[in-house]
Amino acid sequence: PLVNFVSTNGYAAFLALADLAYPAFRIMIEYDGAHHFEDSKQFHRDVDRLDAVMAESWRVVRFNKSHSRATIIARLQDEIETATARLVAEAHAKQAV
């Protein structure tokens, strides 16, 4: 994944700075440290930011300290497989037109 990835909307306007991202798959990975829950302003900014990112067809996968390395790897593998299947289906649909 790319580190500190800057995502933009369809007009090239800034959306978010992702902790990690797989842009080709439109998967954004966020690590939520304690400050995301302890600071209400941060929490509300996160909600708005993630809604904007998802509106641009990004899949946001969030983790925190409770997640094991194995869980993180398994979830990301599933997300990449799902995204790959979606991209293949979209490519086939375009060829059929």
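Mentor: We shall proceed from the strands to the sheet, the helices and the cores.

Mentor: This is a predicted model, in which local features need pLDDT of at least 70, side-chain atom pairs count only at pLDDT 80 or more, and totals for chains, interfaces and linings use all residues. Residues are numbered from 1 along each chain as its sequence is written, and side-chain values use heavy atoms, with hydrogens and water left out.

Trainee: How many helices and strands does the chain have?

Mentor: Helices (H or I, at least four residues) and strands (E, at least two) are DSSP runs, numbered from the N terminus. Here there are three helices and four strands, in the sequence pattern β-β-β-α-α-β-α.

Trainee: Which strands do the bridges join, E1 to E2 and E2 to E3, and how do they run?

Mentor: Two strands pair if DSSP finds at least two bridges between them. Strand E1 (residues 2-8) is joined to strand E2 (residues 14-22) by six bridges, and the two run antiparallel; Val3, for instance, has Leu20 in E2 as its bridge partner. Five residues lie between E1 and E2 in this hairpin, and Ala12 in the turn has a positive phi of about 70 degrees. E2 and strand E3 (residues 27-31) also run antiparallel, with three bridges.

Trainee: In what order do the four strands form the sheet?

Mentor: The order is E1-E2-E3-E4, in an open sheet of mixed pairing. E1 and strand E4 (59-63) stand at the edges with a single partner strand each, so one side of each is left without a neighbour in the sheet. From one strand to the next, the twist averages 45 degrees; axes are lines fitted to C-alpha atoms, for helices over the stretch in contact, and angles run from 0 to 180 degrees between N-to-C directions.

Trainee: Which strands does helix H2 touch?

Mentor: Contact means heavy atoms within 4.5 Å. Helix H2 (residues 40-55) packs on the sheet and touches E1, E2, E3 and E4, its direction making about 80 degrees with that of E2. Helix H3 (residues 69-96) touches E2, E3 and E4, at about 175 degrees to the direction of E4.

Trainee: Which residues form the largest nonpolar core?

Mentor: In soluble globular proteins, nonpolar side chains tend to be buried together. A nonpolar core is a set of buried (under 20% relative accessible area, 1.4 Å probe, protein chains only) Ala, Val, Leu, Ile, Met, Phe, Trp, Tyr and Cys residues joined through side-chain atoms within 4.5 Å. The largest has ten residues, including Phe5, Leu50, Trp58 and Val60. E2 gives the most to this core, with four residues.

Conventions
Buried < 20%, exposed > 50% of the residue type's maximum accessible area, 1.4 Å probe, protein only.
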